Amino acid sequence: MLNNKSILITGGTGSFGNAFTRYVLENYDPKKIIIYSRDEFKQHIMREKFKEYEAKLRFFIGDVRDRDRLTRALEGVDYCIHAAALKQVPACEYNPAEAIKTNIGGAQNVIDAALDMGVKKVVALSTDKAVNPVNLYGGTKLVSDKLFIAANAYAGNKDVCFAIVRYGNVAGSRGSVIPIFNHIIKNGGTELPVTDYRMTRFWISLHQGVELVVKALEEAKGGETFISKIPSFKVTDLAEAMLPGCKMKEVGIRVGEKLHEVMVTVEDCMNTYEYDKHFIIYPQMVWSESRRAVPTGKKVPEGFSYSSGNNTEWLGVEEIRELLKSVKYD
């Protein structure tokens, strides 16, 4: 599917962009992959890392706030993965206008440029924090999700669709607790801070996140939200797995933080279908017959929700310890 295709990744120098680029180059023969981001130093590092594939890579300095630059970068592109965002919850709370410009204005710019330049598919990365948001970051990503779903209404006769992939903090990423615990342990700490002893999270690897995006590229008709079926873990079990017998200090939930990650709400269940390894929330609106996504999975029961707290699959301490061996830290 990705053979001889041109792909652009916004925020392409981040963890996802690096992993997705590696996956595509090792499993397909793309025409080119365009890394679109603001940081020239990170682009330099990535260029060196993928030196053996330099003929397939293009590096564009640009900001998703700049629609003209996006339009130029998307010329001749078949698929666009929108990964750029301001993601740090405290930073977004302190700089709300900047978060809105990037996460909402930037999303609209990607949509407009993709429509104008004839991009075939756009997959936007979402987050659990967009579900019933309690912080500004989650609020901006909720709006972004709504924009990408509604973008299908503006496609007209164009061969283009927009879809969403949603998952939580990737294990080992800057947004997860694993690097925090690891830093304390490496510096000789024997006590790990736990925000709440009841707290749970989903476990997803970068590889699983990449595979879900590829599935969305393959299957999306327009407006779907793809969600991986992944195991949950207790944060206290993670602490024990990383530092056996450690002391744990309950420090309280931070502003904008939830006790459990939520991927599918009760309100979403009317449009949610279950598959072997994922869920899909289908759009409530149908814009045209060519964009009608026909569910082939099993409709979830009334009252269903999917959160890290009510999951049916759980990781124990030993399973977490084994998975930690393959975690790479940002």
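Guide: In this predicted model, the buried residues of helix 9 pack against helix 7 (178–186), strand 7 (191–194), strand 8 (200–202), strand 10 (232–234), strand 11 (247–250) and helix 10 (317–324). The buried residues are V235, T236, L238, A239, A241 and M242.

An open sheet is formed by 10 strands, which follow the order 3-2-1-4-5-6-9-14-13-15 with mixed pairing. Its edges are strand 3 (57–61) and strand 15 (298–299); each has a single partner strand, so one side of each is left without a neighbour in the sheet. Helix 1 (residues 15–27) packs on this sheet, where it touches strand 1, strand 2, strand 3, strand 4, strand 5 (121–127) and strand 6 (161–167). The direction of helix 1 makes about 165 degrees with that of strand 1. Strands of a sheet pair through backbone hydrogen bonds, either parallel or antiparallel. Strand 1 (residues 6–10) and strand 2 (residues 32–37) pair in the parallel sense, over 5 bridges. Within this pairing, L8 has I34 in strand 2 as its bridge partner.

Strand 4 (residues 79–82) includes H82. H82 counts as buried because its relative accessibility is 1%, the cut-off being under 20%. The side chains of H82 and T10 are joined by a polar contact of 2.8 Å. Leaving aside neighbours within four places in sequence, the residues in contact with H82 are T10, V64, A107, V110, V123, A124, L125 and F148.

Another buried residue is T140, with a relative accessible area of 1%. T140 belongs to helix 6 (residues 136–150). Not counting residues up to four places away in sequence, T140 touches A99, I100, N103 and I104.

The cysteines remain to be described. A disulfide is a covalent bond between the sulfur atoms of two cysteines. The structure holds 0 disulfides. C161 is accordingly in no disulfide, and the nearest cysteine sulfur, that of C80, is 12 Å away. C161 is buried, with a relative accessible area of 4%. C246 is buried as well, with a relative accessible area of 12%.

Terms used: Residues numbered from 1 in each chain as written. Predicted model: local features only at pLDDT ≥ 70, side-chain atom pairs only at ≥ 80, totals over all residues. Heavy atoms only, no water. Helix = DSSP H or I, 4+ residues; strand = E, 2+ residues; numbered from the N terminus. Buried < 20%, exposed > 50% of the residue type's maximum accessible area, 1.4 Å probe, protein only. Polar contact = N/O pair within 3.5 Å; in protein donor to acceptor, adjacent residues only side chain to side chain. Contact = heavy atoms within 4.5 Å. Disulfide = S-S within 2.5 Å. Pairing = 2+ DSSP bridges. Axes fitted to C-alpha atoms, helices over the stretch in contact; angles between N-to-C directions.
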